[in-house]
Amino acid sequence: MGYRNVLVAVALSPESQQLVDKAVSIVRPYDGKVSLITLTTEPEMYSSYAAPMLGDLRSVLQEEAQLFMEELAMNAGYPIENRRVAHGEFADSLAYCCQQQKIDLVICGNHSTRLMNKFSCSAARLINTSTVDVLIVPL
């Protein structure tokens with residue numbers, strides 16, 4: 001069975017290119033689609049002094065994520081169908097995106113080097129709740 005619509009969850013790190021390359025190698029024989037998603041965190045500054053700056057910080061984080069995904073797409077050597085910056089919980093955001101885009105495989109990276117962290121990685125909830133196949137790539 002070939003995967004034809006793959007979603008790659010990327011972090012803003014150079015290792016994400018490995019994930020994109022893996023996705024391209026999987027879909028290329030089937031002329032499939034590759035989409036990228038990254039999650040940005042909400043700024044954790046709730047002080048009344050910082051409130052006016054939160055809007056600027058959100059837009060900077062959003063722009064940084066978009067630029068990073070554009071660079072990944074340029075280096076992919078294959079068309080990237082969609083690029084999405086999501087906010088919120090990892091598994092929920094990916095599940096929603098999978099449903100909207102009819103994804104049949106999600107690729108995530110595991111940056112953890114300690115054994116216990118590998119079992120409790122942020123993708124654990126995704127694996128337990130996903131309705132599509134999930135590939136975890138050690139980075």
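Modeller: Let's begin at Arg28, which sits in the loop between helix 1 (16-27) and strand 2. Helices and strands here are DSSP runs, at least four residues (H or I) for a helix and at least two (E) for a strand, numbered from the N terminus. Bear in mind that this is a predicted model, with local features needing pLDDT of at least 70 and side-chain atom pairs pLDDT 80 or more, while totals for chains, interfaces and linings use all residues. Numbering starts from 1 along each chain, and side-chain values use heavy atoms, without hydrogens or water.

Is Arg28 buried, exposed or something in between? Its relative accessible area is 45%, so Arg28 counts as partly exposed; buried means under 20%, exposed over 50%, and partly exposed lies in between (1.4 Å probe, protein chains only). Setting aside residues up to four places away in sequence, Arg28 touches Gly77 and Tyr78, where a contact means heavy atoms within 4.5 Å. Arg4 is 24 residues away along the chain, and its C-alpha atom is 8.7 Å from that of Arg28.

Asp31 is in that loop between helix 1 and strand 2 too. Asp31 isn't a glycine, yet its phi is positive, about 55°. With a relative accessible area of 66%, Asp31 is exposed.

Carry on into strand 2 (residues 33-40) and you come to Ser35. What a contrast with Asp31 at 66%: Ser35 has a relative accessibility of 1%, so it is buried. Which residues does Ser35 contact, leaving aside neighbours within four places in sequence? They are Val6, Leu7, Val8, Ile80, Glu81, Asn82 and Gln101. Two of those names lead us onward.

Take Gln101 to begin with. Gln101 belongs to the buried set of helix 3 (residues 90-101), together with Phe90, Ala91, Ser93, Leu94, Cys97 and Cys98. Looking down the axis of helix 3, these buried residues stay within an arc of 165°, so they line one face of the helix; the arc is taken from the directions from the helix axis to the C-beta atoms. The cover over them includes strand 1, strand 2, strand 3 (82-87), strand 4 and helix 5 (124-129).

Lys102 has a positive phi near 55° and is a residue other than glycine. Lys102 is exposed, because its relative accessible area is 66%.

Val8 stands opposite Ile107 in strand 4. Strand 1 (residues 5-9) pairs with strand 4 in the parallel sense, over three bridges; pairing requires at least two bridges found by DSSP. Strand 4 also runs parallel to strand 5 (residues 133-138), with six bridges joining the two, and Cys108 has Ile136 in strand 5 as its bridge partner. Strand 4 (residues 105-110) is mostly covered, with five of its six residues buried.

Stepping back, the protein has five helices and five strands, in the order β-α-β-α-β-α-β-α-α-β from the N terminus. Of its 139 residues, 39% are buried. And of the contacts between residues at least 6 apart in sequence, 75% join residues at least 24 apart.

Technical notes
Expected span 1.5 Å × (residues − 1).
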